[in-house]
2 protein chains.
Amino acid sequence: MTKTLPSPETVTAWARLMRVSRQLVERTEDALKAGGLPPLAWYDVLHELAEAGEGGLRPFELIDRVLLAQYGVSRLLARLEVDGLVEKLPVSDDGRGQTVRITPSGRDMRRRIWAVYGASIANLMGDKLSAAELETLATLLGRLRDPPIME
Amino acid sequence: MTKTLPSPETVTAWARLMRVSRQLVERTEDALKAGGLPPLAWYDVLHELAEAGEGGLRPFELIDRVLLAQYGVSRLLARLEVDGLVEKLPVSDDGRGQTVRITPSGRDMRRRIWAVYGASIANLMGDKLSAAELETLATLLGRLRDPPIME
DNA sequence: TCGATATAGATGCATTTGCATCGACCGTCA
DNA sequence: TGACGGTCGATGCAAATGCATCTATATCGA
């Protein structure tokens with residue numbers, strides 16, 4: 001952990017990243033609200049669970065995938081369960097844990113959110129940059145990931 | 001507002017942007033907390049007010065600059081005022097409004113936050129990309145801004 | 001086997017945020 | 001002038017978040 005201060009180009013890039021990402025999230029959340037749909041975080045969880053298939057996921061596995069704190073996952077899953085979008089199953093070999101699985105109406109909700117979310121992504125990002133530019137952007141952002149991954 | 005769904009490259013770039021920006025914010029907020037310093041939003045406001053100089057800013061001018069809702073600005077300024085980091089002055093030609101000005105200890109706090117925030121920016125972004133890459137990144141992100149600005 | 005330690009997940013409490021609305025003041029127009 | 005719609009900023013209330021801690025179970029080591 002060095003103590004150096006950032007170069008002007010670094011500050012510019014950082015400021016852009018902070019501002020743009022917040023704008024994009026805000027616009028997308030607004031679109032979801034306008035469609036009477038739940039927030040982005042719900043999509044993230046439903047998406048992960050849909051990818052996981054019938055086996056479902058343990059709550060602790062969701063923590064890193066959706067970048068939520070442990071209590072955040074716990075409470076979000078509770079809300080999803082109340083709405084019947086996921087179900088919690090006891091797991092045989094670990095009495096502390098549970099497995100969370102997406103339900104049919106969870107899959108349906110995911111599709112409905114995606115109709116709006118996907119359109120938002122296309123409008124806010126896909127329409128603004130070429131395919132090559134999108135790949136450049138993804139590569140540069142990839143270099144900022146934690147943990148860093150070579151590509 | 002088209003209804004098209006996004007291309008795979010768009011989705012990849014979007015996912016990276018969402019994940020990376022959240023990671024960077026989280027790591028930076030953690031660094032501030034570890035240093036006993038207030039959140040990033042405080043820096044944003046103090047920074048804008050410092051740039052504005054002795055004339056200060058009206059609260060409504062801060063809304064777009066720091067991307068906070070009106071009530072968010074109202075409450076954040078109230079907290080900053082309690083801590084003596086800003087002061088509110090009545091404005092002569094508009095009895096509804098006020099002017100907010102940074103105080104000396106506000107400037108000092110800004111400097112102390114920057115010592116940590118700047119180091120975080122340097123570590124998380126400056127150390128990972130070259131100057132040319134940072135400029136490419138900033139340019140691409142600039143194209144996603146709202147409103148769009150030609151450059 | 002038992003005690004100590006670690007992990008999975010939930011939750012009480014305080015703080016923060018979002019939403020709606022309010023009171024105060026402004027500008028305009030009759 | 002005075003009614004009216006618009007803007008500035010604050011706030012009551014509900015929901016979400018952060019923090020610390022709790023319970024329950026699992027794992028490790030003597």
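Two residues are taken to be in contact if their C-beta atoms, placed from the backbone, lie within 7 Å. By this criterion, A:Thr10, A:Val11, A:Ala13 and A:Trp14 of α1(A) meet B:Ile121, B:Ala122, B:Met125 and B:Gly126 of α5(B). The model in which these residues meet is a predicted one. The residues that join α1(A) to α5(B) comprise 6 nonpolar and 2 polar, with no charged residue. The axes of the two helices, α1(A) spanning residues 8-34, come within 10 Å and cross at roughly 85°. Angles of 65 to 115 degrees count as roughly perpendicular, and α1(A) and α5(B) are therefore roughly perpendicular to each other.

Two copies of a chain are related by a rotation about an axis and a shift along it. Here, a rotation of 180° with 0.0 Å of shift along its axis places chain B on chain A, with an RMSD of 0.1 Å. Such a relation is that of a two-fold axis. Of the interface residues of chain B, 100% are also interface residues in chain A, so the copies meet through the same surface.

The contact between the chains draws 46 residues from chain B and 46 residues from chain A. On the side of chain B that touches chain A, at least two residues come from each of α1 (8-34), α5 (104-126) and α6 (131-142) of chain B. The largest share of that side is supplied by α1(B), with 14 residues. In terms of residue class, the side of chain B that touches chain A contains 23 nonpolar, 12 polar and 11 charged residues.

The fold of the single chain may be considered next. Chain A has 6 helices and 2 strands. Read from the N terminus, its elements follow the order α-α-α-α-β-β-α-α. The C-alpha trace of chain A spans about 55 × 40 × 25 Å along its principal axes.

Within chain A, helix α2 (residues 40-52) packs on helix α5 (residues 104-126) at an angle of about 125°, their axes lying 10 Å apart. That angle makes α2(A) oblique to α5(A). The crossing in which α2(A) passes α5(A) is left-handed. From α2(A), the residues A:Trp42, A:Tyr43, A:Leu46, A:His47, A:Leu49 and A:Ala50 take part, and they meet A:Gly106, A:Arg107, A:Met109, A:Arg110, A:Ile113 and A:Tyr117 of α5(A). This contact of α2(A) with α5(A) is made up of 8 nonpolar, 2 polar and 2 charged residues.

A further helix pair lies in chain B. The axes of α3(B) and α4(B) come within 9 Å and cross at roughly 110°. The two helices α3(B) and α4(B) are therefore roughly perpendicular to each other. In passing α4(B), α3(B) forms a right-handed crossing. On α3(B) the contact is made by B:Pro59, B:Leu62 and B:Ile63, and on α4(B) by B:Gln70, B:Val73, B:Ser74 and B:Leu77. Sorted by class, the contact of α3(B) with α4(B) has 5 nonpolar and 2 polar residues but no charged ones.

DNA strand C is surrounded by 19 residues, of which A:Phe60, A:Tyr71, A:Ser74, A:Gly97 and B:Gly95 are the closest. The surface near DNA strand C receives at least two residues from each of α3 (59-66) and α4 (70-82) of chain A and α4 (70-82) of chain B. Its largest share, 5 residues, belongs to α4(A). The class composition of the surface near DNA strand C is 6 nonpolar, 6 polar and 7 charged residues.

For DNA strand D, 19 residues likewise form the surroundings, the closest being A:Gly95, B:Phe60, B:Tyr71, B:Ser74 and B:Gly97. At least two residues of the surface near DNA strand D are supplied by each of α4 of chain A and α3 (59-66) and α4 of chain B. The element that gives the most to this surface is α4(B), with 5 residues. The surface near DNA strand D has 6 nonpolar, 6 polar and 7 charged residues. B:Ser74 is one of the closest residues to DNA strand D and also takes part in the contact between α3(B) and α4(B).

How values were computed: Residues are numbered from 1 along each chain as its sequence is written. Chains are lettered from A and ligands numbered from 1 in the order in which they are written. This is a predicted model: local features need pLDDT of at least 70, side-chain atom pairs count only at pLDDT 80 or more; totals for chains, interfaces and linings use all residues. Copies are superposed by least squares on the C-alpha atoms of residues with pLDDT of at least 70 in both. Helices (H or I, at least four residues) and strands (E, at least two) are DSSP runs, numbered from the N terminus. Ala, Val, Leu, Ile, Met, Phe, Trp, Tyr, Cys and Pro count as nonpolar, Asp, Glu, Lys and Arg as charged, and the others, Gly among them, as polar. A residue is near a molecule or strand if its C-beta atom, placed from the backbone, lies within 6 Å of it. Axes are lines fitted to C-alpha atoms, for helices over the stretch in contact, and angles run from 0 to 180 degrees between N-to-C directions. Angles under 35 degrees count as roughly parallel, over 145 as roughly antiparallel, 65 to 115 as roughly perpendicular and the rest as oblique. A crossing is left-handed if the near helix is turned anticlockwise from the far one by less than a right angle, and right-handed if clockwise.
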